[in-house]
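Hi everyone, thanks for coming.

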Amino acid sequence: MKRWHIVLFLAPAVLIYSVFSALPLLDTLRLGFYATNDAGASHFSGLSNYLTILTDPAWSSAFWNAMCNNFKFFLIHLLIQNPIGLILATFLSLKGLKFARQYRTFIFLPTLLSVVIIGFIWQLILSPLWGVSESMMNFVGLGAYFQPWLGEEGSALITLALISVWQFVGIPMMLIYAALLAVPEDIVEAAYVEGASSWRIFWEIKLPLILPTLGLVTILTYVGNFNAFDLIYSVKGAIAGPNYSTDILGTLFYRTFFGYQSQIGSPTMGAAVATLMFLVILCGVGAYFYFVQRKLTRYEL
Amino acid sequence: MKKNICKPLSAFGVHCMLGGYTLLALFPIVLILMNAFKTKAAIFDNPLAFPTAETFFLGGFEKVIAKSHFMLYFGNSLTVTLASLALILLFGAMAAWALSEYKFRGNRILAIYMMIGIMVPIRLGTVSILELIVQLNLINTLTALVLVYTAQGLPLAVMILSEFIAQIPKELKEAARCDGVSEFKIFFQVILPLIRPAVATVAVFTMIPVWNDLWFPLILAPGEETQTVTLGVQQFIGQYVTDWNSVLAALSLAVIPVLILYSIFSRQLIRGLTSGAVK
């Protein structure tokens, strides 16, 4: 064997990745089929964990509530974060724009901060105690509309999603910006010479060309959102209050795994929840690869 | 070409939008930083004012540093981040080189196997990772975090570095091989220096999620001695939630290192983001 150097080059990465990422993931999928009895011994139990989660009233209401909230959380990102990112990127990519680099740098900055820190900062700002947002709203004459948004069942989830949008808008912005810069100059030039308005150039030339990037941004948002945890946990705790109105799959997973209040944690139930999260993410990624990306590559130059 | 954008009126509109959004992006951070340096009365009376000679107050910082182990947490975060980064870059580059340079059976499958980690969050394997870490007797150690973060960062590193390595001209490697240089020497002395810019980009990308992570420190290393900054801030603020000076100071202390890093690396990061996506 004279090609042993290949093995040496590959071994560390493949080993660490397998032992601490790929195999635990597979093992978690396996554990979802087991149950632990009171003595702590685990035994194979088939689909019973999944049946409990999906049919037991106490479990299924929590699960579907988290799932539904998670979809809302994702939709808000999809409908607000990505369009704002697109608009900002379109402006940034205009030729001859001054201060483009400064804008880019500052708008991207919040993305780098820990979600925990961002969560607390907004918690303080939106707190009626401090009144920063209340007095600023008074200043523009909207003071009467101020509410403790993070504390109310109806608005807490939306507020948290908007905080997350505020933080992460830099990512779609940058990816779309890069795609816009890659649009071939001569096509745009030719369209312009033909008399197309910049509005039309955007809709009929640039947008179709950056569709693959928009697809990528969507799937990244999807995976990120269905894996979210930190923001809800740091602002609302593991209970995801008020009254579970901000509970998403990540917090449900944490509670199932570690337990809370009167309920004790269960690794096997936790594994089942993780498996369901895995399936949700897999469906999204699969749909992206089979439908979106395959259709979109046709547009690529 | 320039005409359609540089009409003064529309340029003004664009600057209004971008400038407005920039203010929105910076406002919360600036608000926290400036209030952290004020007395409690000033924080409440006039939150939107910069600290003046009268309202300037460092008590919050003194309390945070004296009462909590903030410096220890910084040290932990720094150790974990740097160690994971070193392992990700070294092992990632080695694997990327092997996968893109040598043809061997299973090459493609191995590449796909590594890529899966980009799309599937490692967090979903937490139940088994925790068991494994307990079995290895690594619970509440920084080593556990380093290993998990290395596994988490490798797929993206391998993908990005493979692309760069594939662009290196064949002649360079062939010339070295003709001279009888060993494969290891070629990698460490010819290839690694050539891909330095890509390595820097990957470093910035990998560093951020590791430094900011809450999940794994919370689960694998929640002990007082091994807390990272993110977890430390989270718990500190939970305890002192009504002591606004301390809370604001703690938040500032957690924000400042990132601000410093960003001002140093922002160009590298943005170049990486834009060049990576163009391809």
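Predicted model: local features only at pLDDT ≥ 70, side-chain atom pairs only at ≥ 80, totals over all residues.

Residues are numbered from 1 along each chain as its sequence is written, chains are lettered from A and ligands numbered from 1 in the order in which they are written, and side-chain values use heavy atoms, with hydrogens and water left out.

Now the interface. Counting contact as heavy atoms within 4.5 Å, 88 residues of chain A meet 91 residues of chain B. The two chains bury about 8,600 Å² between them, 81% of it on carbon and sulfur atoms; buried area here is the accessible area (1.4 Å probe) that two parts lose on being put together, summed over both. Phe9(A), Phe20(A) and Trp130(A) supply 11% of what chain A buries against chain B, more than any other three residues.

How many salt bridges cross the interface of chain A and chain B? The rule, a side-chain nitrogen of Lys or Arg within 4 Å of a carboxyl oxygen of Asp or Glu, finds one. That one pairs Arg123(B) with Asp230(A), the closest N and O atoms being 3.3 Å apart. On the chain A side, helix α1 (residues 4–31) gives the largest share, 21 residues. Helices, by the way, are DSSP runs (H or I, at least four residues), numbered from the N terminus.

Next, the core: buried Ala, Val, Leu, Ile, Met, Phe, Trp, Tyr and Cys residues joined through side-chain atoms within 4.5 Å. Buried means under 20% relative accessible area (1.4 Å probe, protein chains only). The largest nonpolar core has 195 residues, and Phe216(B), Leu220(B) and Leu251(B) touch the most other members. Helix α5 (residues 70–101) of chain B gives the most to this core, with 15 residues.

Now for the first local spot. Helix α13 (residues 249–258) of chain A has nine of its 10 residues buried, so it is largely enclosed by the rest of the structure. Just after α13(A), Gly259(A) takes a positive phi of about 80°.

Finally, Ser133(A), which lies in helix α6 (residues 132–139) of chain A. Ser133(A) counts as buried because its relative accessibility is 10%. Its side chain reaches the backbone oxygen of Ile125(A) at 2.9 Å, and Ser133(A) also touches Leu126(A) and Phe146(A).

Thanks, and I'm happy to take questions!

Notes
Helix = DSSP H or I, 4+ residues; strand = E, 2+ residues; numbered from the N terminus. Buried < 20%, exposed > 50% of the residue type's maximum accessible area, 1.4 Å probe, protein only. Polar contact = N/O pair within 3.5 Å; in protein donor to acceptor, adjacent residues only side chain to side chain. Lists of a residue's contacts leave out its neighbours within four places in sequence.
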